[in-house]
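The points are numbered and may be read alongside the sequence and the structure.

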Amino acid sequence: MEESHSRILPQFEPNGECLSRSDDESAYAEIIVIRHGETEWNAAKRMQGHLDIELNDVGRKQAAAVAHRLSKGPKIAVVYSSDLKRALDTAETIASSCGGLQVIKDLDLRERHLGDLQGLVYHEASKICPKAYGALSSHRTNQQIPGGGESLDQLYDRCTSALERIGSKHIGERVVVVTHGGVIKSLFERASPSGQAGRVLNTSVNIFHLSEGDIWTIKLWGDVSHLNQTEYLTSAFGGDGTSG
C-alpha cells in the first residue's frame with residue numbers, strides 16, 4: 001500500500017465526535033460515510049460480499065433513522081452509493097429525506113468480493129470451504145480468496161481511490177457515501193494507519209475531511225446515536241469485513 005499522508009485528531013467526545021474543528025471549510029471535502037442498514041443475511045451471519053441482498057425491515061428503519069438525522073444537518077450536495085441493493089436502498093432513503101438529492105452509483109464502493117465464501121454462514125465456512133476461509137483469515141494483505149475473491153490490498157486500493165476521486169470533486173462541499181463494512185474499515189486504515197477501527201455498525205456515521213495535499217482527517221467515527229433510542233440496533237455482523 002502507498003505511503004499515507006493522513007492524520008487523525010486524537011481527542012474525541014464520547015459519541016466519537018472530534019473536539020476541534022477545521023477553520024477553513026473551503027479547503028476540504030466533508031464526506032459522511034455510512035454503512036448500509038441491516039439485511040437478513042447480516043442477522044443470520046451469512047457472508048454477502050458482492051451478492052445483492054436487500055435490506056430487511058430493521059434495515060429499512062435504520063436507514064430512515066439515519067436519513068432523518070442527516071436531514072437536520074447542514075446541506076448535503078449529493079449522495080454516492082455502492083450499486084448493491086442494501087447500500088443503494090439506504091442511499092435513496094437518505095437522498096429523499098435530504099431534499100430529493102441525486103444518488104450516484106459507484107461500483108468501486110462495493111464490498112470486498114469474498115469468492116467461494118459468499119452465501120455461507122460464517123461459523124460453517126471453515127468446514128465447507130477451508131481453503132477460502134484460510135485466505136479470509138490470513139494476515140497477508142495480498143492474499144486473494146479462491147473463487148474470484150479480492151485481497152485486502154485490492155479492496156484498499158479500489159475504495160480509497162474512489163473516495164479520493166469523490167473528494168477531489170467536492171472541495172468545499174458536504175457529501176454522503178453509502179457503502180459496506182469492509183470498505184469503511186479500509187477507509188479508516190487510509191486515514192489512520194496505526195489506529196483500530198473496531199466494529200462498523202449498520203448505518204453508523206463516519207465523517208472524513210479530505211483536504212488538498214492528500215490529507216485525510218477523521219472528524220467523527222462510528223456514531224450510532226440516531227439508533228440509541230430505538231429498537232433497531234440489532235446486528236453489526238459484517239462490520240469487520242466478513243460480510244458487508
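This is a predicted model: local features need pLDDT of at least 70, side-chain atom pairs count only at pLDDT 80 or more; totals for chains, interfaces and linings use all residues.

1. Helix α7 itself spans residues 181-191 and is mostly covered, with nine of its 11 residues buried. Those buried residues are G181, G182, V183, I184, S186, L187, F188, R190 and A191.

2. The largest nonpolar core. As general background, nonpolar side chains in soluble globular proteins tend to be buried together. Here, the largest nonpolar core has 25 residues, and the members that touch the most others are I31, V33, L163, V177, L187, F208 and W221. At least two residues of this core come from each of β1, β2, α6, β4, α7, β5 and β6. Apart from it lies another core, of 18 residues, which includes I34, A67, I94 and V176.

3. The surroundings of I31. Which residues is I31 in contact with, leaving aside its neighbours within four places in sequence? They are L163, I166, G167, V175, V177, N206, I207, F208 and L210. Of these contacts, L163, V177 and F208 are also listed among the core members that touch the most other members.

4. Strand β2 and its partners. Strand β2 covers residues 78-81; V78 and Y80 point one way from it, V79 and S81 point the other way, and all are buried. Strand β2 runs parallel to β4, and four bridges join the two. Within that pairing, S81 stands opposite V178 of β4. Strand β2 also pairs with β3 in the parallel sense, over three bridges, and here Y80 stands opposite I104. Between β2 and β3 the chain crosses through α3, and this β-α-β crossover is right-handed.

5. Residue Q102. This residue is found in the loop between α3 (85-97) and β3 (103-105). Is Q102 buried or exposed? Q102 is exposed, because its relative accessible area is 53%, and the cut-off for exposed is over 50%. Not counting residues up to four places away in sequence, Q102 touches V78 and V79. The C-alpha atoms of Q102 and Y80 are separated by 8.3 Å, although the two residues lie 22 residues apart along the chain.

6. Cysteines. In general terms, a disulfide is a covalent bond between the sulfur atoms of two cysteines. A search of the whole structure finds zero disulfides.

7. Positive phi values. As a general rule, most residues other than glycine have a negative phi. K45 has a positive phi, near 60 degrees, and is not a glycine. K45 is found in the loop between α1 (40-43) and α2 (57-71), and it is partly exposed, with a relative accessible area of 45%. D214 likewise is not a glycine, and its phi is positive at about 65 degrees. D214 lies in the loop between β5 and β6 and is partly exposed, with a relative accessible area of 29%.

8. Overall arrangement. How many helices and strands does the chain have? There are seven helices and six strands, and along the sequence they follow the pattern β-α-α-β-α-β-α-α-α-β-α-β-β. The chain has 244 residues, of which 52% count as buried. Among contacts in the chain with a separation of 6 or more, 75% are between residues 24 or more positions apart.

9. Confidence. The mean pLDDT of the chain is 89, and 83% of its residues reach 70 or more. Over residues 1-23, however, the pLDDT is below 50, and this stretch has 51 contacts in the model beyond near neighbours in sequence.

Notes
Residues are numbered from 1 along each chain as its sequence is written. Side-chain values use heavy atoms; hydrogens and water are left out. Buried means under 20% relative accessible area, exposed over 50%, partly exposed in between (1.4 Å probe, protein chains only). Contact means heavy atoms within 4.5 Å. A disulfide is a pair of cysteine sulfur atoms within 2.5 Å. Two strands pair if DSSP finds at least two bridges between them. A crossover is right-handed if, with the strands pointing away from the viewer, the path from the first strand over the helix to the second runs clockwise. pLDDT is the predictor's confidence in each residue, from 0 to 100. A nonpolar core is a set of buried Ala, Val, Leu, Ile, Met, Phe, Trp, Tyr and Cys residues joined through side-chain atoms within 4.5 Å.
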